[in-house]
Amino acid sequence: MKKTIFIFLTLYCFLAIVIFAIYFFSKKYWLTHMFLILHGAENLKDSFPLNTTGHSQVTETSEVWVNKSAGEESLGVCPETPPNLLGPFQVELETVRTLEDVRKQVGPLLQVGGRYKPPDCISKQKVAVIIPFRNRHENLTHWLYYLHPFLQRQQLDYGVYVINQDGDGTFNRAKLMNIGYAEALKEDDYNCFLFSDVDLVPLDDRNLYRCFSNPRHLSVAVDKFDYKLPYEKIFGGVTALTKEQFLTVNGFSNTFWGWGGEDDDLYNRVMLRIKAISRPYAVIGRYKMIKHERDPHNDQNLNNVKKLKETTNTLDQDGLSSLNYTVIDITKNMLFTFITVDVHVPMGLTKK
Ligand code: UDH
Ligand code: MN
């Protein structure tokens, strides 16, 4: 009899443990999933809404996507407002910095190719940061020194792609952006593209480097322009578009050779197809532009001004749909992925 009671009790305990374990794990699973579903389905309010004076601006909500991979099931979605932001911070560009210094300071948290994921939460977007580049190594070092910690404080899942134009033919900023988009997508399923000049260092980390429900112009208050928009429709410097928004406007034009116009053409594309942009408040969208002269082989091109009248007619043929280039080299280090490309400079523009 005693033996039967003992066996019965043992079985009873075992069953209770099994039932408890099933209950515990399923609850954790459902809690995580309810959290993701609730936050994923909601269009969360932009914590830093727009200056409403601009005619083209609308109040924004930020989009929510979730990128989960194996081993991340138990992490929650990153909060809408990152908890460790500094707000305004000091930027000092006099110190001579080497890539090695920067690597020592900000490298340890990164993965090869300048990739980062927040360790404690799942970022809602996967952001490819695209930098058009030629011969601005000092600028790039400063940019990396300030931007990696900045992007990490924002809990972004991101990768940095420096798109280096090969040779000394006329520079083409916009085409390099399109190439960056195409090359980044070959590496990962990015859903947000952050296009940044190499010389623009943000001064406030509340200026979120993520995508919003309208294409976003982030560099609204640059020191070079007295911390004001030089003109209302400016869409150059730093911009962010979702993959869908970028596809909707067929990317940038590939045919703006030399300085000027390509950013205004993108503005036209956005206005034709999406009809609205967003911006952070000027008090947040503050930047220092690292001092520089106009580069060689990037003279102002007055033909670009004429082309701006033609955006309606050229949008469909000229852009991502007609992009052609040759990759010469891809080098990865801890701070960035450096992609050298032949942008196929037309005859006659190969040297100036
Ligand atoms: N760039 C290079 N190397 C070059 C030329 C340009 O890396 O030889 C890249 C670099 O990322 C640079 C960006 O292209 O930051 C833009 O070039 P820029 O810095 O010479 O342009 P600028 O500062 O433009 O003059 C500021 C915006 C002006 C208003 C927009 C007018 N539509
Ligand atoms: Mn500049």
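Which residues coordinate the manganese ion (ligand 2)? Select ligand 2 first: the ion is held by Asp199 (OD) and His292 (NE2), at 2.1 to 2.3 Å. Donors here are N, O and S atoms within 2.8 Å of the metal (3.2 Å for Na, K and Ca), and as water is not among the atoms, sites may look incomplete.

The structure is a predicted model, in which local features need pLDDT of at least 70 and side-chain atom pairs count only at pLDDT 80 or more, while totals for chains, interfaces and linings use all residues. Residues are numbered from 1 along each chain as its sequence is written, chains are lettered from A and ligands numbered from 1 in the order in which they are written, and side-chain values use heavy atoms, with hydrogens and water left out.

**The metal site**

Colour the two coordinating residues with their surrounding segments. Asp199 lies in the loop between β4 (192-196) and β5 (200-202), and His292 in the loop between β9 (286-289) and α7 (302-307), so the pair ties together parts that are 93 residues apart in sequence. Helices (H or I, at least four residues) and strands (E, at least two) are DSSP runs, numbered from the N terminus. Asp199 is buried at a relative accessible area of 4%, whereas His292 is partly exposed at 32%. Buried means under 20% relative accessible area, exposed over 50%, and partly exposed in between (1.4 Å probe, protein chains only).

**Ligand 1**

Select ligand 1 next, together with the 19 residues that surround it. The closest are Pro132, Arg134, Asp199, Tyr231 and Trp259; a residue belongs to this shell if one of its heavy atoms lies within 4 Å. β2 (126-133) and α6 (262-273) each supply at least two residues of the shell.

- A backbone N or O atom of Pro132 is 2.7 Å from an oxygen atom of ligand 1.
- A backbone N or O atom of Arg134 is 2.8 Å from a nitrogen atom of ligand 1.
- An N or O atom in the Trp259 side chain is 2.9 Å from an oxygen atom of ligand 1.

On its own, ligand 1 has 690 Å² of accessible area, of which the protein covers 92%; such areas come from the Shrake-Rupley method with a 1.4 Å probe, and for residues only the protein chains shown count as cover.

Move to His142, in helix α3 (residues 137-153). His142 is buried, at 6% relative accessibility. A polar atom of its side chain lies 3.4 Å from the backbone oxygen of Leu93. Met289 is buried, at 14%.

Most residues other than glycine have a negative phi. Select Asp226, which is not a glycine but has a positive phi of about 60 degrees. Asp226 is in the loop between β7 (221-222) and β8 (238-242), and is exposed at 53% relative accessibility. Finish at Asn250, in the loop between α5 and α6. Asn250 also has a positive phi of about 60 degrees, but is buried at 9%.

How values were computed: A polar contact is a pair of N or O atoms within 3.5 Å; within protein, one must be able to donate a hydrogen and the other to accept it, and residues adjacent in sequence count only if both atoms are side-chain atoms.
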